[in-house]
Amino acid sequence: MKKNFLLALLFGSISALAVEIKPDWQIVLTDQADASVRYSGKVLSEQLGKSFGKAPQVIAEKNYDGKAPAIFLGWSSNKKNLQAPSDRKWSNEEWNIREAAPQLVQIAGSRIRGVFYGTLEFLERFAGYRAYAVDLEHIEKKKSVVLPEKLDLTGKPYFPYRNSSFGVYSNNPFWVHNRCYLLPQADFGWYTITGLPGSVHTFYFYSKDFDRDEYFSLGENGVRQKAVGPHGPGQICMSNPGARQAVLKKLLAVIAEERAEIDKTRPGTGYPEIYSLSVNDTPAYCHCSGCKALYKKYGAISGAQLEFLNVIAEELVKVYPDVYVLGEAYEHFAEPPKNIKAHNNVIIRIAQLGKEFSMVGTRDCLLPLTHPANKLPFEQIQNWLPVAKKLAVWEYGKIYVEALSLPHTTVRAHASNLKYFAKNGVISAYLEAEFTEGNHIAMINFLDLEHFVNMRLQIDPAQDVELLIADFMHKYYGPAAKYMSQLLTYLEKRMAEDPQGISGASFKKRKYLDKALVMTADELLNAAEKAVQNHPVYLARVRQERLPFDSLILNKSDLKVLKEQGGVFDRTMVAKRWKSAADAAVMKYCFEKYYRPGLTRSALLKNNQTRYTDYLNPVKLPDFLRDVPISFDCTARDFTTQGARFNITADPDAAGGIAASYNKTHQQPFEIGLYDNKSRKTIARKVFSMPAQDEKYHWCKLSNVLLTPTLRMWGHYSWALTPVFLHRFYDPRNPMQRYDIYISYKLEGPAYVKNSKKANACYIDRIILTPANDMVKVPQNSAQSIEPPDFLRHKLSIADYTVANFKPQHKLCKVVSDKDAVTGKAVCYDGKNHGNPFELGVYDNKIRKTLQRLTISDPPQDEKYHWYKLGNIKLGPKVIMWGHSRWYLRPIMLKEVYDLQSPHPVCDIYVSSKLQGPAYVKNSTKPNACFIDRIIVTPADPSVKVK
């Protein structure tokens, strides 16, 4: 802990009376005062005015007579005893509060926020000021402020770089007066710690102008992956010397340009100290031989990244010795390397995703690092300590795939973690814990307390957490503090019970979310409400803590606490209470001015109303599942919106009146499937080449599925409809349980329904899991689904065309009925030109070049459909596929695949074709004809052989 940091939380006794500040004192601003010092004077005057009942006068130094008692803000250029010591160098954010002379107190320090933080320190330490929450600032009522004898205090926030966010970015005093910033402004001394282009996922910025393909990461399929945004799909090839030099060159240019702009527009406010070279937000990493060699050399994927950062830092410090480069220990880069140390100017930021992200998540973010469920991630952090002298942490304070408010709290868990980080050299601490998920309220319990404690410990982690909590409870809940403290302790106790943790399973499988939790919480909240029934402000704060419990009651039917389930709570009453608290949260946290324009009050309130209607009228089970045990039942209110490409839209036909919908591109058949991220295999896939024509919801069944921790479900060929993460339902206590998965979907528009007047769209409104049972059948409808051929059963498909999606490009390419075809129909050429061997090929009209031609000189003699492969095709906007030597069979253009799947431009094309008649089959009595009934496009993979 820093020896010069002197900060007390509570306001203890003062040994000797030296200075007594009263309302008649003046607040003097230096003649050189910047916006930050002027703001400090405004805050000091306003808060002392609230305390005294009369605000001290704020004047400029030139108007100060030198005689009146005064608090002087800043260093004077005129008065020698108020000037900065010539032999003293002040670090950023360092403040000093001292008795400069009788009846004269000076608050000064670093030009970078020294006066501002000294002012806040003065108010907190001596006047009893605190910003407790977005809706509570408090200062004690006093006749005067008494300071100790020979006052001379110096300090600064312990973590140089810090932040705490719950999704609405504002300059509310709750953040800025707790030394935490989200919006840089002159009033607050700016806060430009991280330079352009931003603090996270910057590889896209540095790679978007690369002029060589080999600078991009190589995918497992052998294709270079160019990032099209901060979410990838690719990274930088960090072993490539040219890529390293290109990034260094751009970084040097960015720093020079940004410093020149600061010198021009706001000189003296400080330059950014950190530049982020942060991997894109995607699980991808490079598979080239150079990177693989570094992974092997350093024993981890992160080794390549650290060598990359070290090389850049070594050159960077020759020009800018005061600049750090920051890299991420994130996703596949989270495991620390061996046999390499970070350069002194390299910061590694550890961001351990929660277990809800099954592919890369390791952490139970709701529990302390010392909990048994966090044994492996805790060891991972410990193993980073000897690798990098400068570490940052990015902590998460919620479960990110649940668009529900549920009973969780992380107050003491994150306090414990932060104290550990402080003892082990971490220099940057950030907590991300939004109160929303997408545009849905998804609050944890004691959200305000969580961020208050977190920000106070970022200033000084030596503080007593229990005193912080007690102080907050007393100020925030008033007479209800006793019961709210008991609720916090009880909830934390219950959360810690399961050694396997919380976030790795669906909330419907979490043991502590039981009837006892609900009933005990209700008892404590009833007592709390009674204690503050005549205090509307306290009462509203207590009722906010009901929100997660009421959400649990309404969403977890096996609790059996509603009257209709044999319990005691009335559904309508609980739903109304939930709606009231949810709307109040929107109004509380969504300020008039905030940073994220998409997160609007209106959108949240609209979704509150939709969910409220759904709670009042819960959806019923379909008849064919009425007598079947239900393991999980998810409607759109439960769907995952994290990173979603679909929309949650109102639909009167949908279960609960809302559905996940996708309405952008519809050139291909609709698909539903399952894919395991770990084994990289498609577990099941249905292609609806001939969908039902009624534009209504229908059920699809995926049978006998063994859930895994890395299983995902998709809808639409692009996988844009991924409304639930199926691994959330995986139960490690019962890993061999097999399920049937029922998906309710609807297709509308001319892409799916002939002559439809509606816009093209596909919907999923409900997903139900039951124990596997072959006897249960979904209701029949006219939709036809087809399975992939066996040799592609476990491969990713980009597109799967059948006749329903063919667009014949030649007048002799005709659609005909054919009982052998996969859907009963195919395209056919049955003209007279059958003397030459049958051919399949791909041609690029743009470059006027045949990309591949396959001549079938010895065709099969069974007159049945067979698969043929055209491999390693680089698609373009004018690529066509043909069959027959004269190109009579041209069933479809391939430009849709190129336009929509640009991350996979190199593909394999599989064609199902049948040849009949004596021109192809010896002694055949059938008329000469050639057919194509199906075309499948996949990422290029030379290992796949057709059967």
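The following exercises, each with a worked solution, concern a predicted model.

**Exercise 1. The crossing of two helices**

Determine how the axes of helix 11 and helix 12 are oriented to each other, and which residues meet where these helices touch.

*Solution.* Begin by locating the elements: helix 11 covers residues 465–477, and helix 12 covers residues 481–495. Their axes come within 9 Å and cross at roughly 130 degrees. The crossing in which helix 11 passes helix 12 is right-handed.

Then turn to the residues in contact. Helix 11 contributes Ile469, Met473, His474 and Tyr477, which meet Ala481, Met484, Ser485 and Leu488 of helix 12. Sorted by class, this contact has 6 nonpolar residues, 2 polar residues and no charged ones.

**Exercise 2. Aromatic pairs**

Classify the aromatic pair of tryptophan 75 and tryptophan 90, and then that of tyrosine 158 and phenylalanine 159.

*Solution.* The whole structure holds 44 aromatic pairs. In the pair of tryptophan 75 and tryptophan 90, the centres are 5.6 Å apart and the planes stand at 50 degrees, an arrangement that is tilted.

Tyrosine 158 and phenylalanine 159 are both buried.

Aromatic residues also form a cluster, which consists of Tyr132, Phe446, Phe452, Phe472, Tyr476 and Tyr477. Tyr477 is also among the residues of helix 11 that meet helix 12.

**Exercise 3. Cis peptide bonds**

State where proline 197 and proline 233 lie, and describe the cis peptide bonds that join them to leucine 196 and glycine 232.

*Solution.* Take proline 197 to begin with. The cis peptide bond between leucine 196 and proline 197 has an omega of about 10 degrees. Proline 197 belongs to the loop between helix 3 (173–176) and helix 4 (203–207). Now take proline 233, which is joined to glycine 232 by a cis peptide bond with omega about 20 degrees. The loop that holds proline 233 runs between strand 13 (224–225) and helix 5 (241–265).

**Exercise 4. Positive phi angles**

Decide whether arginine 113 is buried or exposed, and do likewise for asparagine 755.

*Solution.* Start with the backbone. Arginine 113 is not a glycine, yet its phi is positive, at about 65 degrees. Asparagine 755, likewise a residue other than glycine, has a positive phi near 65 degrees.

Then find their positions. Arginine 113 is in the loop between strand 6 (104–109) and helix 2 (114–127), while asparagine 755 is in the loop between strand 28 (738–748) and strand 29 (761–771).

The last step is accessibility. Arginine 113, at 4% relative accessibility, counts as buried. Asparagine 755, at 63%, counts as exposed.

Key. Residues are numbered from 1 along each chain as its sequence is written. This is a predicted model: local features need pLDDT of at least 70, side-chain atom pairs count only at pLDDT 80 or more; totals for chains, interfaces and linings use all residues. Side-chain values use heavy atoms; hydrogens and water are left out. Axes are lines fitted to C-alpha atoms, for helices over the stretch in contact, and angles run from 0 to 180 degrees between N-to-C directions. Helices (H or I, at least four residues) and strands (E, at least two) are DSSP runs, numbered from the N terminus. A crossing is left-handed if the near helix is turned anticlockwise from the far one by less than a right angle, and right-handed if clockwise. Contact means heavy atoms within 4.5 Å. Ala, Val, Leu, Ile, Met, Phe, Trp, Tyr, Cys and Pro count as nonpolar, Asp, Glu, Lys and Arg as charged, and the others, Gly among them, as polar. Rings of Phe, Tyr and Trp (its six-membered ring) pair if their centres lie within 6.5 Å; planes under 30 degrees apart count as stacked, over 60 as edge-to-face and the rest as tilted. Buried means under 20% relative accessible area, exposed over 50%, partly exposed in between (1.4 Å probe, protein chains only).
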